[in-house]
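Here is a short report on one protein chain. Please look over the sequence and the model before reading on.

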Amino acid sequence: EPVDEVDLGWQLLCGSGAEERTEDSQVWSVEEALQLEPSLRAYLNEPYGTILVRDNRLSKWRKKQVKP
């Protein structure tokens, strides 16, 4: 969840199945992430909690449904 007005609340994970360790995390600006993955620009205004997934770098993003 965003912590202030400049935080968009995005979190990017690789989804490899490997353990994601907090101490290995990095802080990037959204513009830095978009430079590497411009296709995410279309999703910037999605509501908090939206999960996007894709099968590989060439696949299109799709919203993942999360069971309540």
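## Overall layout

This is a predicted model. The protein has one helix and two strands. Read from the N terminus, the order is α-β-β. Helix α1 covers 30-36 and strand β1 covers 52-53. Strand β2 covers 62-63.

The chain has 68 residues, and 10% of them count as buried. The accessible surface comes to about 6,400 Å². Carbon and sulfur atoms account for 51% of that surface. Take the contacts between residues at least 6 apart in sequence: 17% of these join residues at least 24 apart.

## Nonpolar core

Which residues make up the largest nonpolar core? There are five: Leu-34, Leu-40, Tyr-43, Leu-52 and Trp-61. In soluble globular proteins, nonpolar side chains tend to be buried together.

Trp-61 has a list of contacts beyond its neighbours within four places in sequence. Among them are the core members Leu-40, Tyr-43 and Leu-52. Trp-61 is also in contact with Glu-37, Ser-39, Val-53 and Arg-54.

## Largest pocket

The largest pocket holds about 1,700 Å³ of space. Its lining counts 42 residues. Which of them lie nearest the centre? They are Trp-10, Gln-11, Leu-12, Leu-13 and Cys-14.

By type, the lining divides into 21 nonpolar, ten polar and eleven charged residues. Both α1 and β1 supply at least two residues each. Helix α1 gives the most, with four residues.

## Asp-55, between the strands

Asp-55 sits in the loop between β1 and β2. Is this residue buried or exposed? Its relative accessible area is 61%, so Asp-55 counts as exposed, the cut-off being over 50%.

Asp-55 and Gly-15 are 40 residues apart along the chain. Their C-alpha atoms are separated by 9.9 Å.

## Lys-63, in strand β2

Lys-63 belongs to strand β2. Why is Lys-63 classed as partly exposed? Its relative accessible area is 47%. Buried means under 20% and exposed means over 50%, so a value of 47% falls in between.

Which residues does Lys-63 touch, not counting those up to four places away in sequence? They are Glu-46, Thr-50, Ile-51 and Leu-52. One of these, Leu-52, is also a member of the largest nonpolar core. Thr-50 is 13 residues from Lys-63 in sequence. In space the two are 7.1 Å apart, C-alpha to C-alpha.

Gln-65 lies in the segment after β2. Gln-65 is exposed because its relative accessible area, 70%, is over 50%. Along the chain, Gln-65 and Ile-51 are 14 residues apart. Their C-alpha atoms are separated by 7.6 Å. Ile-51 is also one of the residues that Lys-63 touches.

Val-66 is found in the segment after β2 as well. Is Val-66 buried or exposed? The relative accessible area of Val-66 is 53%, so this residue is exposed. Val-66 and Gly-49 are 17 residues apart in sequence. Their C-alpha atoms are 9.4 Å apart in space.

Notes. Residues numbered from 1 in each chain as written. Predicted model: local features only at pLDDT ≥ 70, side-chain atom pairs only at ≥ 80, totals over all residues. Heavy atoms only, no water. Buried < 20%, exposed > 50% of the residue type's maximum accessible area, 1.4 Å probe, protein only. Contact = heavy atoms within 4.5 Å. Areas by Shrake-Rupley, 256 points an atom, 1.4 Å probe, with all protein chains shown as cover. Core = buried A, V, L, I, M, F, W, Y, C linked by side-chain atoms within 4.5 Å. 1 Å grid on protein atoms, 1.4 Å probe; cavity = no way out; pocket = protein on both sides within 12 Å on 5 of 7 lines; lining within 4 Å. Points joined across faces, edges and corners; volume = space filled by probe spheres on them. Nonpolar A, V, L, I, M, F, W, Y, C, P; charged D, E, K, R; others polar.
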